[in-house]
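Subject: Structure for you to look at

Hello,

Here is the structure I said I would pass on. Please open it beside this email and follow along.

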Amino acid sequence: MISELDFFMIAFVDMLFACVLFVAFGQLTVRKLRKKPETRDHLGIEFASGWDILNVAQALAIPRSWSKRMERSPLASLNARSDIVHQYTNKFDKVLGCIFFWSFASSGTLLILLVILSKSGVWGE
């Protein structure tokens with residue numbers, strides 16, 4: 001059985017990997033999209049600095065049918081426009097965005113799961 005420390009180390013390494021990819025994806029892809037006037041206003045609302053990096057990665061990582069559904073909702077301005085993001089990114093950007101987004105999502109999920117399992121007493125005292 002996996003110990004609490006092993007579980008934490010897996011989540012930590014995944015989070016560290018996501019942080020490195022966050023910087024790389026922001027510098028290589030989103031910076032390019034911010035400079036183009038055609039894409040600048042379609043990267044979604046930026047709650048904090050760098051939030052548009054998450055918006056663009058999400059638009060590249062999730063299925064386009066999900067993106068289209070979110071773009072038709074009243075909260076459409078929160079997300080990047082997937083059709084414009086796909087139009088102005090190349091294959092490398094799309095792969096990097098997918099790896100970054102799913103690494104980021106999995107590390108967050110693992111950390112939340114770690115807290116829940118630890119509080120429920122799975123590993124004991």
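Predicted model: local features only at pLDDT ≥ 70, side-chain atom pairs only at ≥ 80, totals over all residues.

Helix packing

Two packed helices are described by the angle between their axes and the distance between the axes. Start with H1 and helix H3, which covers residues 51-61. Their axes come within 10 Å and cross at roughly 90°. Angles of 65 to 115 degrees count as roughly perpendicular, so H1 is roughly perpendicular to H3. On the H1 side, the contact is made by Phe22, Phe25, Gly26, Val30, Leu33 and Arg34. On the H3 side, the residues are Asp52, Ile53, Leu54, Val56, Ala57 and Leu60. Sorted by class, this contact of H1 with H3 has 9 nonpolar residues, 1 polar and 2 charged.

H3 also packs against H6, at an angle of about 105° and with the axes 8 Å apart. This angle makes H3 roughly perpendicular to H6. From H3, the residues that take part are Ile53, Leu54, Ala57, Gln58, Leu60 and Ala61. They meet Asp93, Lys94, Gly97, Cys98, Phe100, Phe101, Trp102 and Phe104 in H6. The contact of H3 with H6 divides into 10 nonpolar, 2 polar and 2 charged residues.

Aromatic rings

A pair of aromatic rings is described by the distance of the centres and the angle of the planes. How many aromatic pairs does the structure hold? There are 7 aromatic pairs. One of them joins Phe25 and Phe100, with 6.0 Å from centre to centre and 25° between the planes, and it is stacked. This pair links distant parts of the chain, since Phe25 sits in helix H1 and Phe100 in helix H6, 75 residues apart. Phe25 and Phe100 are both buried.

Phe100 also pairs with Phe104. Here the rings are tilted, at 5.9 Å centre to centre and 40° between the planes. Phe100 and Phe104 are 4 residues apart in helix H6, so about one helical turn separates them. Are these two residues buried or exposed? Phe100 is buried, because its relative accessible area is 0%. Phe104 has 39% relative accessibility and therefore counts as partly exposed. Ring pairs link Phe22, Phe25, Phe100 and Phe104 into a cluster.

Two single residues

Where does Thr89 lie? Thr89 is in the loop between helix H5 (82-87) and helix H6 (91-119). Its relative accessibility is 8%, and buried means under 20%, so Thr89 counts as buried. The side chain of Thr89 reaches the backbone oxygen of Val85 at 2.7 Å. Leaving out residues up to four places away in sequence, Thr89 touches Thr29, Leu33, Leu60 and Lys94. Of these, Leu33 and Leu60 also belong to the contact between H1 and H3.

Met15 lies in helix H1, which runs over residues 4-35. With 30% relative accessibility, Met15 counts as partly exposed. Not counting residues up to four places away in sequence, Met15 touches Ser107 and Leu111. The C-alpha atoms of Met15 and Ala105 are separated by 9.1 Å, although these residues are 90 places apart along the chain.

When you open the model, look for the ring cluster of Phe22, Phe25, Phe100 and Phe104, and then for Thr89 in its loop.

Regards

Key: Residues numbered from 1 in each chain as written. Heavy atoms only, no water. Helix = DSSP H or I, 4+ residues; strand = E, 2+ residues; numbered from the N terminus. Buried < 20%, exposed > 50% of the residue type's maximum accessible area, 1.4 Å probe, protein only. Polar contact = N/O pair within 3.5 Å; in protein donor to acceptor, adjacent residues only side chain to side chain. Contact = heavy atoms within 4.5 Å. Phe/Tyr/Trp six-rings, centres within 6.5 Å; stacked < 30°, edge-to-face > 60°. Axes fitted to C-alpha atoms, helices over the stretch in contact; angles between N-to-C directions. Parallel < 35°, antiparallel > 145°, perpendicular 65-115°, else oblique. Nonpolar A, V, L, I, M, F, W, Y, C, P; charged D, E, K, R; others polar.
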